[in-house]
Amino acid sequence: MIGLVISDNMLEMFIFWEMVGLCSYALISFWYKKPESIKAGVKVFIMTRIGDIALLGAIGILYMMFTTFSFQGVIKGIQDGAAAGTLNTPLLVVVAFLVLGGAIAKSAQLPLFTWLYSAMEAPTSVSALLHAATMVKAGIYLLARFILIFAAAPALIIALQPYWFPTIAWIGVLTAIVGATLALTTTDIKGVLAYSTVSQIGFMMAGLGSAATSAGLIGDGWFASLFHMVSHAFFEGLGFLIAGG
């Protein structure tokens with residue numbers, strides 16, 4: 001998880017991203033003698049791989065465009081392309097939606113949110129780790145990082161504003177409502193906390209969806225989303241440790 005956060009190029013980040021997914025599978029299937037645990041681990045692994053394929057596609061397109069995996073190299077390529085008037089904005093919009101697909105799967109947003117409840121087959125201490133750390137929050141972190149990359153060209157942020165940012169916001173809002181509603185209907189205390197995480201990450205997505213301004217700049221929604229990501233790590237992790245069982 002540390003490697004995922006501090007990686008300075010996309011290929012390295014993707015390798016650590018996959019390692020986090022593998023660790024999630026192993027931790028969720030901890031009680032390997034229980035068929036339910038094995039099935040839950042496989043379900044989580046398969047559903048999150050959907051997003052991984054989308055993210056790998058985005059990284060591949062960016063490498064094709066800028067011949068580098070470096071975040072700084074991509075930023076420089078976007079800036080140079082914008083200055084020369086040769087920036088392929090439609091293709092970067094495709095990249096943005098592929099990145100969003102990776103974030104949706106990894107952070108359990110609509111429609112790929114059901115795996116997080118299944119992950120409750122893991123021991124409670126594992127659940128505290130999953131929900132508090134970048135195992136579940138990696139999608140939010142990914143989006144936040146790419147928003148800063150896209151902000152290298154204000155014209156690109158303006159191009160993303162009518163489509164990409166509203167999509168993020170609506171996915172976040174709908175997920176927050178669905179997650180909170182499901183939490184009200186379940187009698188499993190760990191299930192309540194799982195759906196709480198789904199709902200809270202929805203708020204973070206909504207914050208990122210409201211990050212852009214009409215001037216092509218990044219507003220307060222970006223900071224609010226990441227602030228809530230950090231605060232949620234504390235209270236959700238403690239919630240699982242208190243729940244026990």
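Me: What should I keep in mind about the model and its numbering?
Reply: The model is predicted, so local features need pLDDT of at least 70 and side-chain atom pairs count only at pLDDT 80 or more, while totals for chains, interfaces and linings use all residues. Residues are numbered from 1 along each chain as its sequence is written, and side-chain values use heavy atoms, with hydrogens and water left out.

Me: Which residues of H10 are buried?
Reply: Buried means under 20% relative accessible area and exposed over 50%, with partly exposed in between (1.4 Å probe, protein chains only). In H10 the buried residues include Trp 164, Phe 165, Ile 168 and Ile 171, whereas Trp 170, Ile 177, Leu 184 and Thr 185 are exposed on the face turned away from the buried side.

Me: Against which helices do the buried residues of H10 pack?
Reply: They pack against H5 (89-106), H8 (134-150), H9 (154-160) and H11 (189-209). Contact means heavy atoms within 4.5 Å, and in this sense Ala 96, Phe 97, Leu 100 and Ile 104 in H5 meet Trp 164, Thr 167, Ile 168 and Ile 171 in H10.

Me: How do the axes of H5 and H10 cross?
Reply: Axes are lines fitted to C-alpha atoms, for helices over the stretch in contact, with angles from 0 to 180 degrees between N-to-C directions. The axes of H5 and H10 come within 10 Å and cross at roughly 15°, which makes H5 roughly parallel to H10 (angles under 35 degrees).

Terms used:
Helix = DSSP H or I, 4+ residues; strand = E, 2+ residues; numbered from the N terminus. Parallel < 35°, antiparallel > 145°, perpendicular 65-115°, else oblique.
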